[in-house]
Amino acid sequence: WANHFETVYTFEPDPVNYACLVENLKGYEKITSYNAALGAKEGSVGTQPHQPGHAGTMFVTEGGPMPMQTIDSLDLPECSLIWLDIEGYEENALRGAWQTIERLHPAVIIEENGNEKLHDLPANGASIWLKEQGYAVEAKFGHDVLYTYVGKC
């Protein structure tokens with residue numbers, strides 16, 4: 001994404017995955033990484049895999065040593081895209097980006113794979129929330145769904 005945007009922010013709460021992320025980002029000066037989770041409010045979380053032995057399936061759990069922050073806390077002057085692949089926690093991260101979304105109307109990509117149940121969140125909650133904010137599905141790529149702002153009715 002650094003080839004397409006002036007600035008890229010990336011978040012990874014799991015310490016092992018974050019160490020790999022930092023290693024992979026060497027030489028990419030336009031990318032800022034955070035060893036933190038994204039959510040609806042500031043706090044702290046733990047992580048655990050929902051598929052044992054698969055580091056790409058880490059999800060956040062209540063409490064724990066890792067910080068959780070909101071996208072709104074970044075106070076971004078501009079934002080073209082929010083891409084969330086956070087194992088069912090997308091709705092909470094979007095709620096923590098409400099001011100950014102309301103002000104800047106970025107495109108939003110979320111993963112829709114049914115993992116909301118890991119967090120006791122309603123099925124398709126992120127999709128419903130986006131539609132309530134004036135977004136519509138633009139395209140689907142496997143489990144990833146691109147939403148663009150079309151305006152509130």
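**View 1. The largest pocket of the predicted model.** The largest pocket has a volume of about 1,300 Å³. Of the 39 residues lining this pocket, V8, Y9, T10, F11 and W83 are the closest to its centre. A pocket here is an open set of points, on a 1 Å grid over the protein atoms alone, where a 1.4 Å probe fits, with protein on both sides within 12 Å along at least five of seven lines; lining residues have an atom within 4 Å of a point. The volume is the space filled by probe spheres set on the points, which are joined across faces, edges and corners. The model is predicted: local features need pLDDT of at least 70, side-chain atom pairs count only at pLDDT 80 or more, and totals for chains, interfaces and linings use all residues. Residues are numbered from 1 along each chain as its sequence is written, and side-chain values use heavy atoms, with hydrogens and water left out.

**View 2. Helix α4.** In α4 (residues 125-132), G125, A126, S127, W129 and L130 are buried, meaning under 20% relative accessible area with a 1.4 Å probe and protein chains only. These buried residues pack against α2, α3, β8, β9 and β10, where contact means heavy atoms within 4.5 Å. Helices (H or I, at least four residues) and strands (E, at least two) are DSSP runs, numbered from the N terminus. Just after α4, G134 takes a positive phi of about 100°.

View 3. A136 has T148 in β10 as its bridge partner. The hairpin has 2 residues between the strands, and G142 takes a positive phi near 65°.

Technical notes:
Buried means under 20% relative accessible area, exposed over 50%, partly exposed in between (1.4 Å probe, protein chains only). Two strands pair if DSSP finds at least two bridges between them.
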